[in-house]
Amino acid sequence: MSEQAAKWVLHPMDPWQNPPRHVAECRACRDSSEHELGANDADLWATSHAEATDHQDFRFATIHYARAARVRRILPDQAEDVD
């Protein structure tokens, strides 16, 4: 890991405010669903696409959200447990 990257940490965002999104992609034509809130919606898109095109191979992904924050270094004179 680079020294620059070590100054940052990722925190998952609240899934109630930023729910995971699901996407299906056809491996034959690379067409894809919208980023759906529910996995069932991505599945429905894939089966509908298969019915319309006879394409049979799909890739599914789930998108999770995170926020990057700088890491704060606590110096000895800032720590509460230092005598």
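This is a predicted model: local features need pLDDT of at least 70, side-chain atom pairs count only at pLDDT 80 or more; totals for chains, interfaces and linings use all residues.

Trainee: How many disulfides does a search of the whole structure find?
Mentor: The search finds 0 disulfides. Cys26 is accordingly in no disulfide.

Trainee: What is Cys26 in contact with, leaving aside neighbours within four places in sequence?
Mentor: With those neighbours left aside, Cys26 contacts Asp31, Trp45, His49, His55, Asp57 and Phe58.

Trainee: Which residues make up the largest nonpolar core?
Mentor: That core has 6 residues, namely Ala24, Cys26, Ala42, Trp45, Ala46 and Phe58. Strand 2 (21-26) and helix 1 (39-53) each supply at least two of its residues. Helix 1 gives the largest share, with 3 residues.

Trainee: Now the aromatic rings. How many aromatic pairs are there?
Mentor: The count comes to 1 aromatic pair. The ring centres of Trp45 and Phe58 are 6.2 Å apart and the planes stand at 90°, so the pair is edge-to-face.

Trainee: Where in the chain do Trp45 and Phe58 sit?
Mentor: Trp45 is in helix 1 and Phe58 is in strand 3 (residues 58-63), so this pair, 13 residues apart, links distant parts of the chain. Both Trp45 and Phe58 are buried.

Trainee: Changing topic, how many salt bridges does the structure hold?
Mentor: The structure holds 2 salt bridges. In one of them, the side chains of Arg30 and Glu25 meet at 3.8 Å, N to O.

Trainee: Are Arg30 and Glu25 buried or exposed?
Mentor: Arg30 is exposed, at 55% relative accessible area. Glu25 counts as buried, because its relative accessibility is 16% and the cut-off for buried is under 20%.

Trainee: What about Glu25 and Arg59; how far apart are the closest N and O atoms?
Mentor: Those atoms are 2.8 Å apart, and Glu25 forms a salt bridge with Arg59. The pair links distant parts of the chain, with Glu25 in strand 2 and Arg59 in strand 3, 34 residues apart.

Trainee: Which residues do salt bridges that share partners join into one network?
Mentor: Glu25, Arg30 and Arg59 are joined into one network in this way.

Definitions and conventions:
Residues are numbered from 1 along each chain as its sequence is written. Side-chain values use heavy atoms; hydrogens and water are left out. A nonpolar core is a set of buried Ala, Val, Leu, Ile, Met, Phe, Trp, Tyr and Cys residues joined through side-chain atoms within 4.5 Å. Buried means under 20% relative accessible area, exposed over 50%, partly exposed in between (1.4 Å probe, protein chains only). Helices (H or I, at least four residues) and strands (E, at least two) are DSSP runs, numbered from the N terminus. Contact means heavy atoms within 4.5 Å. A disulfide is a pair of cysteine sulfur atoms within 2.5 Å. Rings of Phe, Tyr and Trp (its six-membered ring) pair if their centres lie within 6.5 Å; planes under 30 degrees apart count as stacked, over 60 as edge-to-face and the rest as tilted. A salt bridge is a side-chain nitrogen of Lys or Arg within 4 Å of a carboxyl oxygen of Asp or Glu.
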